[in-house]
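Dear colleague,

I am handing over the structure below for your attention. My findings follow it, arranged by region.

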Amino acid sequence: MAHEMAKMSSITVRKLDERLKKQLRLRAAKHGRSMEDEVRAILRDATTNIEQLDVATAISRIVDPIGGIDLELPTRTRLNEKTAHSTRILLIIGGGIAAYKSLDLIRRLQERGARVRCILTPAAQRFVTPLAAGALCGERAYSDLFDPQSEFDVGHIRLARDTDLVVVAPATADLMAKMAGGHADDLAAAVLLATGKPILIAPAMNPHMWAAKATRRNLAQLAADGVRVVGPNSGEMAERGEAGLGRMAEPLEIVAAVEAMMRSEGPLSGRRVLVTSGPTHEPIDPVRFIANRSSGKQGHAIAAAAAAAGADVVLVSGPVDLPDPPGLAVVKVETAEQMLAAVEQALPVDVAVFAAAVADWRVERPSGSKIKKVGRPQQLGLVENPDILATVAHRRSGRPRLVIGFAAETDDVIANAKAKLAKKGCDWIVANDVSPETGIMGGDVNTIHLIAAAGVESWPPQSKNDVARMLVERIAAALKEAKRR
Ligand code: CTP
């Protein structure tokens with residue numbers, strides 16, 4: 001995927017006019033990236049929060065950030081570039097009336113950042129056209145095993161390999177029989193036989209065909225071969241008066257099954273990760289509180305990146321103005337004490353990342369009613385909040401394997417962060433300079449130093465999403481390394 005994107009962006013960068021190229025060159029230099037990488041970063045950032053938007057708005061958000069450059073990428077490819085974890089899905093559409101729902105499935109998968117390629121069986125083309133499927137995918141749909149053009153373009157073996165997951169929807173009785181028997185007499189069957197990637201089928205057929213002994217046998221064989229199945233559902237059939245088990249699962253059910261499969265494939269699959277994020281609010285009275293400028297962007301991005309890498313994630317968040325990242329559990333809290341309680345509730349975990357900007361102090365006796373402006377200003381008696389990171393890092397039993405703290409500093413960033421690493425007892429510290437002139441607090445870019453007992457690694461300025469992805473990669477590598485030892 002990244003490779004293809006690189007190809008696309010290099011073509012388009014060349015096409016840009018000189019003024020825009022210069023702008024892009026400056027941006028790339030500032031971030032220490034190649035121009036292609038910069039284009040990729042812009043696309044990724046611009047698309048991070050567009051899941052809920054319609055296509056037109058999404059595109060305008062992508063195009064705008066670099067001054068109206070039209071990157072000339074196919075519409076759908078832009079939508080697919082939402083995250084570095086874009087999943088490549090090969091959708092095989094079988095020949096059944098449910099094929100029309102597969103067109104919607106393409107959209108729903110793309111909305112979640114997947115890049116979808118399509119193969120239509122000969123029978124599928126009686127229900128939907130390769131043109132419609134291709135238009136939605138943003139690239140031609142494939143249909144013929146003996147088509148010299150597609151063999152020249154991609155070839156059936158590459159179609160089988162250049163994907164993360166194969167989805168067969170609708171999976172007809174005939175297609176299931178071919179899969180179970182290892183046939184390769186059309187493009188769909190040949191690709192299904194050639195692929196080593198996980199396969200998900202969404203069967204759809206008449207209830208009598210679904211109940212037939214041959215289909216039962218084929219289904220058992222496919223399950224034994226590791227093929228996953230979603231549906232079918234019970235309900236009305238296309239044939240008048242027919243009802244029963246055999247309706248294809250709804251597109252969103254298929255998407256949920258895809259997401260569950262991808263989670264079990266990622267570098268953090270099977271791991272439990274806890275992330276704290278955002279500020280805490282410490283009440284003064286019912287209408288006032290002590291807070292800080294943390295936006296929660298970095299913590300939320302880390303939680304989202306860990307979930308995208310397959311982890312089972314609990315995000316404990318203070319009050320933020322951000323949507324809940326999809327695919328993870330969010331526990332919302334206000335105060336440091338509530339955050340500590342939620343964190344302890346979430347344990348045990350493999351990895352804990354403490355990105356929250358926890359208020360160090362709370363008001364000893366918050367007023368139950370609004371404090372009135374009478375006489376001299378009130379003195380607020382403050383007491384220290386529990387240190388959540390230190391509490392977890394110093395646990396004798398049930399300490400996460402990897403405890404990661406943050407250090408938001410304005411002076412002597414690395415020296416202060418090193419002292420924090422020792423004092424708090426964590427394994428790594430992600431240190432950043434939050435002086436107002438850096439724009440890091442609340443902004444979208446972060447420049448961090450990763451500090452461990454072994455040394456300090458300084459990362460180039462990059463988006464908070466990129467920092468999150470890099471951190472998650474490091475976490476996965478460290479856990480793998482620890483397992484080997
Ligand atoms: N932290 C925490 N609980 C607290 C205070 C901080 O879990 N009560 C965590 C933060 O989530 C962060 C790390 O400790 O991972 C460092 O936070 P920071 O505010 O930079 O450090 P402090 O300990 O508050 O030190 P100081 O304010 O003196 O720099």
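P170 is part of strand 3, residues 165-171; strands here are DSSP runs of E with at least two residues, helices are runs of H or I with at least four, and both are numbered from the N terminus. The bond joining A169 to P170 is a cis peptide bond, with omega about -5°. Please note that this is a predicted model, in which local features need pLDDT of at least 70 and side-chain atom pairs count only at pLDDT 80 or more, while totals for chains, interfaces and linings use all residues. Residue numbers start from 1 along each chain as its sequence is written.

Strand 3 runs parallel to strand 4 (residues 199-203), to which 4 bridges join it. V167 has L200 in strand 4 as its bridge partner.

Contact between two residues requires their C-beta atoms, placed from the backbone, to lie within 7 Å. Axes are lines fitted to C-alpha atoms, for helices over the stretch in contact, and angles run from 0 to 180 degrees between N-to-C directions.

Helix 14 (residues 251-263) also meets helix 6 (residues 99-111): their axes come within 9 Å and cross at roughly 45°. The two helices are therefore oblique to each other, a word used for angles that are not under 35 degrees (roughly parallel), over 145 (roughly antiparallel) or 65 to 115 (roughly perpendicular). K101, D104, L105, R108 and L109 of helix 6 make the contact with P251, L252, I254, V255 and V258 of helix 14. These residues divide into 7 nonpolar, no polar and 3 charged. Ala, Val, Leu, Ile, Met, Phe, Trp, Tyr, Cys and Pro count as nonpolar, Asp, Glu, Lys and Arg as charged, and the others, Gly among them, as polar.

A further open sheet has 8 strands in the order 12-11-8-13-16-17-19-20, with mixed pairing. Strand 12 (329-332) and strand 20 (455-458) are at its edges with a single partner strand each, so one side of each has no neighbour in the sheet. Strand 13 (residues 351-354) pairs with strand 16 in the parallel sense over 4 bridges, and A352 has V403 in strand 16 as its bridge partner. Helix 19 (residues 464-484) packs on the sheet, touching strands 13, 16, 17 and 19, and its direction makes about 150° with that of strand 16.

Which residues are closest to the ligand? They are F354, V358, I388, L389 and G405, among 15 residues that surround the ligand; a residue is near a molecule if its C-beta atom, placed from the backbone, lies within 6 Å of it. Helix 17 (388-393) and strand 16 (402-409) are the elements that give two or more residues to this shell. Strand 16 supplies the largest share, 4 residues. The shell divides into 9 nonpolar, 3 polar and 3 charged residues.

The peptide bond from L347 to P348 is cis, with omega near 0°, and P348 is in the loop between helix 16 (336-346) and strand 13. D412, although not a glycine, has a positive phi of about 40°.

With kind regards

How values were computed: Pairing = 2+ DSSP bridges.
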